[in-house]
Amino acid sequence: MNPVTSSLLSIVVPLYNEAENVTLLTQKIHESLRGYTYQIIYVDDFSTDNTRKVVKELKDPKVHLINLKKNYGQSLALAAGLDYAEGEYIITMDGDLQNDPSDIPEMLSFATSGAYDVVTGIRQKRKDSLIKKIPSKIANFLVRRVTKLDIKDNGCALKVFTKDIAKDLNLYGEMHRFITLLAHLEGAQIKQVPVKHHARHAGVSKYGLERVFKVVADMMLLLFIRKYFQRPIHLFGILGVLLILVGMLINMYLLVLKFGWGEDIGTRPLLTFGMMFILAGIQLFTIGIVMELLIRTYYESQQKRPYRIKNISIGGTTT
């Protein structure tokens, strides 16, 4: 038996008000994965329509439905599905039929080759409106420029993960937009492949122009975690020292004016600014020290290590 088709696959699909799409989506997944061993995991993010009812009425033994207690958002819905998934390879996709399940077999061929941990799609001829395209372009630009990770389409939900990478993803907030970057930070080898993209079959999009601001905010948080989570003193400490130095230079300049030229400096706004810079610098430096201690406590109390080992060789043999 082909090990690719015999390995269990888990298709994780977050749903929110997709009652009109889920039946056809299920049918297309079955058609595309004929011959494979798989489970379909639908995670209903507290839909307000008949999504849950429609899924239950499918009575499909391959379909697993996870109902969330309230609307948590796409990231946590996706996280719930990833935690539940049992497959050796875990596939994520949207529930609006814009992703095409027929692309999955080709993506799986790259994942099962052993060379890649994540295979992500690049949507060809996107059928989205500008309201969805603008935040996506901003996110892609920021990721490429700041992280040097050349991912052409971070917003494509159709992805194939190896089990170990998928289980290590720590999704929260709305970090599903940067799930490929999160996998990269876990040391994943990533492959990008072109995939088809369709217009939404039914229902309405859940995204608006406010998504631009969420993308920027999440990106800033992710960059902080990436660069300074394990060494916050390098950020807050350096900023604190710089502010202290600026404040000291201002005050030294004022002291020269006072004792060298006999000028009155007590009413000068510059004196206030100098003192504010020094106080702000001390506060930032103190925050850096406190956060450094918290990070150390976090790792030591949970016996965690700030690194991950891929493999170990003993006598030239990898174990």
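Asp153 is buried in this predicted model, with a relative accessibility of 3%. Its side chain forms a salt bridge with Arg123, and the closest N and O atoms of the two are 2.7 Å apart. Asp153 sits in the loop between helix 6 (130-147) and strand 6 (159-162), while Arg123 belongs to strand 5 (residues 118-123), so the pair ties together parts that are 30 residues apart in sequence. Arg123 is buried as well, at a relative accessible area of 13%.

This pair is one of 5 salt bridges in the structure. Side chains of opposite charge can pair when their charged atoms come close. Another example joins Asp103 and Lys196, whose closest N and O atoms lie 2.9 Å apart. Asp103 is buried, with 6% relative accessibility, whereas Lys196 is partly exposed at 36%.

A further salt bridge brings together the side chains of Arg52 and Asp44, at 2.8 Å from N to O. Arg52 is partly exposed, with a relative accessibility of 27%. Asp44, in contrast, is buried at 0%.

Ile41 is part of strand 2 (residues 37-44) and has a relative accessibility of 0%, which counts as buried. Leaving aside residues up to four places away in sequence, Ile41 touches Ser10, Ile11, Val12, Val13, His64, Ile66, Gly81, Tyr84 and Ala85. Ile41 and Ala80 are 39 residues apart in sequence, and their C-alpha atoms are 9.8 Å apart in space.

Thr92 is located in strand 4 (residues 89-92) and is buried, at 3% relative accessible area. The backbone oxygen of Ala157 lies 2.9 Å from the side chain of Thr92. Ala157 is also among the residues that Thr92 touches, beyond those up to four places away in sequence; the others are Val12, Leu78, Leu82, Leu158, Lys159 and Phe161.

Aromatic rings complete the picture. The count of aromatic pairs comes to 0. A charged side chain does sit over a ring, however: Lys62 lies over the face of Tyr38, at 4.5 Å from the ring centre.

Terms used
Residues are numbered from 1 along each chain as its sequence is written. This is a predicted model: local features need pLDDT of at least 70, side-chain atom pairs count only at pLDDT 80 or more; totals for chains, interfaces and linings use all residues. Side-chain values use heavy atoms; hydrogens and water are left out. Rings of Phe, Tyr and Trp (its six-membered ring) pair if their centres lie within 6.5 Å; planes under 30 degrees apart count as stacked, over 60 as edge-to-face and the rest as tilted. A charge sits over a ring if NZ of Lys or CZ of Arg is within 6 Å of the ring centre and within 35 degrees of the ring normal. Helices (H or I, at least four residues) and strands (E, at least two) are DSSP runs, numbered from the N terminus. Buried means under 20% relative accessible area, exposed over 50%, partly exposed in between (1.4 Å probe, protein chains only). A polar contact is a pair of N or O atoms within 3.5 Å; within protein, one must be able to donate a hydrogen and the other to accept it, and residues adjacent in sequence count only if both atoms are side-chain atoms. Contact means heavy atoms within 4.5 Å. A salt bridge is a side-chain nitrogen of Lys or Arg within 4 Å of a carboxyl oxygen of Asp or Glu.
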